[in-house]
Amino acid sequence: MSAVPDPPASRAVLIGTSRYTHRSLDDLPAVAANLAVLAELLRSPDVWGLPARNCTVVADPATAAELITPIVQAAAEATDTLLVYYAGHGLVARLAAELHLALTGSEKDKASYTAVPYGLIREELAASRADRQIVVLDCCYSGRALGRMAGGDSAAIVADEAVIEGTYLIAAAAETKTALSVPGEPHTAFTAELLQVLRRGVPGKGPHLDLDTLYREIAASLRAKQRPLPQRRVRNTADRLTFHNRAFKESARQRAESGKADGTTTPDDRRRHGRELLTEAERIAHTISIKNQASAFESVCDGLAEYDPAQAERLARMKIPPKKQGWPLWNIVRAWVRTDLAEAERVAGTITDPQIRASALNIVVGELAQRSPIEAGLVALTITDPAARLLALRSISQAVTDPAEALRILAEAEDLARTFTEPAVRIRELQEIAVLILKLAPGRGRALLAEVQQGTRSTTDPYQRWIQLEKSIIAIAERSPDEAERLVHSIVEGAAPTTRSSVVTSIVTQLAENAPTVAERIAYTVEDPHLHAWEIREIIEVLARRDPAAALRLARTITGRQEWVSASCIVAGIVADPDPGHAAALLTEAEGLARSHASPHAQAKDLASIAARTTGLNAAHAADLLTEAEHLARTEIRPAPSPGRDAFGRDPGTIAAFLKADALRAIALAWAAVDPSHAVELLAEADRLASGGGHDLVDVVKVLAQRDRDAALRAAHLASDPDQQSRAVSAIVEVLAVQDPAEAEQLSLTLTGRRKQSTALQAVAKALIERDPAEAERVTRIIPHPAYRIEVLTHIAKALAQ
């Protein structure tokens, strides 16, 4: 019997990471639109009717706590149904092959300590009181990353790794960014179909749609478009859970809304209007100064490629100087790859910049490798640049299913790598190949790794040698920890203490996730007393995810009270989910150390840090700690008998006021998630004592904006410096752009400066594209800076192209 979930007793947490700060991960702008529209649909009474307060949106989480905490809260509150959705880059730890979900600061090859292990989510759901749980993963995993886990279909691999007892799981795991987020489309490929089914319903079905029906409709649509298919795993009765079927009885309001956005009702009308917007964008580009025209036409060509790649190529060659055509043509290659690989290969071959040409050709090879490794090999033969051809061969070796054929291709790659005359480049390429061979033929792989190690002995800089051997050490640690440890010691042997500390820290943070025993042993070799505390803290944060006991042992080697408090809070925060009792004990110990600090203001900051970690374990005690911290922060400091000035020219009274204000701002940040109004009061008090603290203010405002926009605005206007105030208001606009675009628009117009206004209005317009393209156009046309206006017009046109 189908069951309609009770909205008040249910919770949904929608998480999406669309922006990435590290160059190893591409931005996924479509993810931001996923969140806004999915939240709107789940809240709609004719889909689910989930109360707004029960549907939490987490956009671009920067820390593990930002991603996990809303799940913890929802898991504790839901008694009927709990839904967790994540869209963004999926990563795989290099040794343990464990799924990780990317944060804004994640790095592709450092998932173990820059991303969130999926195991943390598994543990929270396992402890949830909800009768039914749904997990939806819409991720981009590189084929190379998935290869670390197992062979077979990518979505199936992810589904098998992510399945949780008692949960209905749907996993969509594209192996390229293009497959995940098709250029020109406003949503990721899988989520676009999910939204389509929820928005329009399924004709011919009854008043409700169960999850299996949703899954079949989504899969059928993706199959028809020849896009990656999702996988499902059912470990409970949630497959009988239903949503309302909008197609069963479409209301007049719904019929009106289906065509209101841009005044069109057919795909042809939408595409026609999209071309009109691109014509407008091109006209604006002609009005921009000559020196800025190239970037403007690059945006236009990017949008036009979704409609007519050939015309986009002609425009690029006409309007963009030859030296700047590389990346626009690269984008056109991405557009051609979907429909005509021969044309994609042709355009890629015309790119004059060797690095961009190599990247474009590898897009072609990468797509071909997934369909036909043999054809990909033929294209690789046409690549004349050795480095690009080598990269293509490695990609093909990971796509083929026959180990013998993979080894043959890697042998060809090895021969090519040996022709490189630059020693450092030759060693780097051989190492990449050796790590791949190690998985297929361990003896041969180890021999090649030994050759690589021998080739780096002439490098005298320990850090450079570590960079050269990073992948070798990680690969060896999995099979022979002792050998890996000896190799690390050979790298830092004879180095100065400060250099040794820095290099060892880099190595240990890489090893901690997957070889914690080796990491801990090596960590004890960090010797420099000045760097010891902060470097050990960095190691602890990574190590605690896999081995909290080892992390705690390291934490106890820190002698400074403040450093110990910080380290123990890190450990407690990470062990809180699997072992709240242990976490509470650590925090209690940290409290005792914090209270023994000589400076009351340092005590206050430490207690605020502890309170922030304690909130999820004991909210009442956390509030008591913050109250105690406030009292300590307000403690007067008696000036020194012989007052003097510090290096910044401040007298003792000014220094005391600064310390008090600094402590109050730290406390305000902890209060912001619990009591926004009180947090603003503390910020005002801190500003009266010592103006400034702009960075701290923006941090607090970001937290406040999620809970209480009025409190966030009051806090933003506390800034005495106009630039600080603009940054704070811009932070609020970022949040409101999704939640309340009209208010976000009004706030944007209060900012001073054309560029600041343009940036804020651009965020508002982009948030409106899916919900109401016509309104997005209106906002776009009031953006003062023409380059920003062109970019958004192009985004709208790309959305209309679907």
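Me: Is Trp327 buried, partly exposed or exposed?
Reply: Trp327 is partly exposed, with a relative accessible area of 44%. Keep in mind that this is a predicted model.

Me: Which helix is Trp327 in, and what about Trp330?
Reply: Both Trp327 and Trp330 lie in helix H14, which covers residues 326-337. They are 3 residues apart, about one turn of the helix.

Me: And how accessible is Trp330?
Reply: Trp330 has 16% relative accessibility and counts as buried, because the cut-off for buried is under 20%.

Me: Let's talk about aromatic pairs. How many are there?
Reply: The count comes to 2 aromatic pairs.

Me: Which residues make up the pair that reaches across the sequence?
Reply: That one is Trp48 with Phe243. The pair is edge-to-face, with 5.4 Å centre to centre and 70° between the planes. Trp48 sits in the loop between helix H1 (29-43) and strand S2 (55-59), while Phe243 is in strand S10 (residues 242-244), so the pair ties together parts that are 195 residues apart in sequence.

Me: Nice. Let me step back to the whole chain. How many helices and strands does it have?
Reply: The chain has 40 helices and 10 strands.

Me: And how much of it is buried?
Reply: Of the 802 residues in the chain, 54% are buried.

Me: What share of the contacts comes from residues 24 or more positions apart?
Reply: Such residues account for 66% of the contacts in the chain with a separation of 6 or more.

Me: Now helix packing. How is a pair of packed helices described?
Reply: Two packed helices are described by the angle between their axes and the distance between the axes.

Me: OK, at what angle do H23 and H24 cross?
Reply: The axes of helix H23 (residues 481-492) and helix H24 (residues 497-511) cross at roughly 150° and come within 10 Å. That angle makes H23 roughly antiparallel to H24. The crossing of H23 and H24 is right-handed.

Me: Which residues make that contact?
Reply: From H23 there are Val488, His489, Ile491 and Val492, and from H24 there are Arg500, Val503, Val504 and Ile507. By class, the residues of this H23 and H24 contact divide into 6 nonpolar, 1 polar and 1 charged.

Me: How do H1 and H8 run, parallel or antiparallel?
Reply: The axes of H1 and helix H8 (residues 189-200) come within 10 Å and cross at roughly 25°. That makes H1 roughly parallel to H8. H1 passes H8 in a left-handed crossing.

Me: Which residues meet there?
Reply: Asn34, Val37, Leu38 and Leu41 in H1 meet Thr191, Leu194, Leu195, Leu198 and Arg199 in H8. The contact of H1 with H8 has 6 nonpolar, 2 polar and 1 charged residues.

Me: What does Thr780 touch?
Reply: Leaving aside residues up to four places away in sequence, Thr780 touches Ala765, Arg789, Val792, Leu793 and Ile796.

Me: And Arg389, which helix is that in?
Reply: Arg389 is in helix H18, residues 386-399. Arg389 counts as partly exposed, at 22% relative accessibility.

Me: What does Arg389 touch?
Reply: Not counting residues up to four places away in sequence, Arg389 touches Ala380, Leu381, Ile383, Glu412 and Leu416. As for Ala413, its C-alpha is 8.5 Å from that of Arg389, and the two are 24 residues apart in sequence.

Me: Last one: how far apart are Ala787 and Phe297 in sequence and in space?
Reply: Ala787 and Phe297 are 490 residues apart in sequence and 9.5 Å apart in space, C-alpha to C-alpha. Ala787 is in helix H40, residues 786-800. Ala787 is partly exposed, with a relative accessible area of 28%.

How values were computed: Residues are numbered from 1 along each chain as its sequence is written. This is a predicted model: local features need pLDDT of at least 70, side-chain atom pairs count only at pLDDT 80 or more; totals for chains, interfaces and linings use all residues. Side-chain values use heavy atoms; hydrogens and water are left out. Axes are lines fitted to C-alpha atoms, for helices over the stretch in contact, and angles run from 0 to 180 degrees between N-to-C directions. Helices (H or I, at least four residues) and strands (E, at least two) are DSSP runs, numbered from the N terminus. Angles under 35 degrees count as roughly parallel, over 145 as roughly antiparallel, 65 to 115 as roughly perpendicular and the rest as oblique. A crossing is left-handed if the near helix is turned anticlockwise from the far one by less than a right angle, and right-handed if clockwise. Contact means heavy atoms within 4.5 Å. Ala, Val, Leu, Ile, Met, Phe, Trp, Tyr, Cys and Pro count as nonpolar, Asp, Glu, Lys and Arg as charged, and the others, Gly among them, as polar. Rings of Phe, Tyr and Trp (its six-membered ring) pair if their centres lie within 6.5 Å; planes under 30 degrees apart count as stacked, over 60 as edge-to-face and the rest as tilted. Buried means under 20% relative accessible area, exposed over 50%, partly exposed in between (1.4 Å probe, protein chains only).
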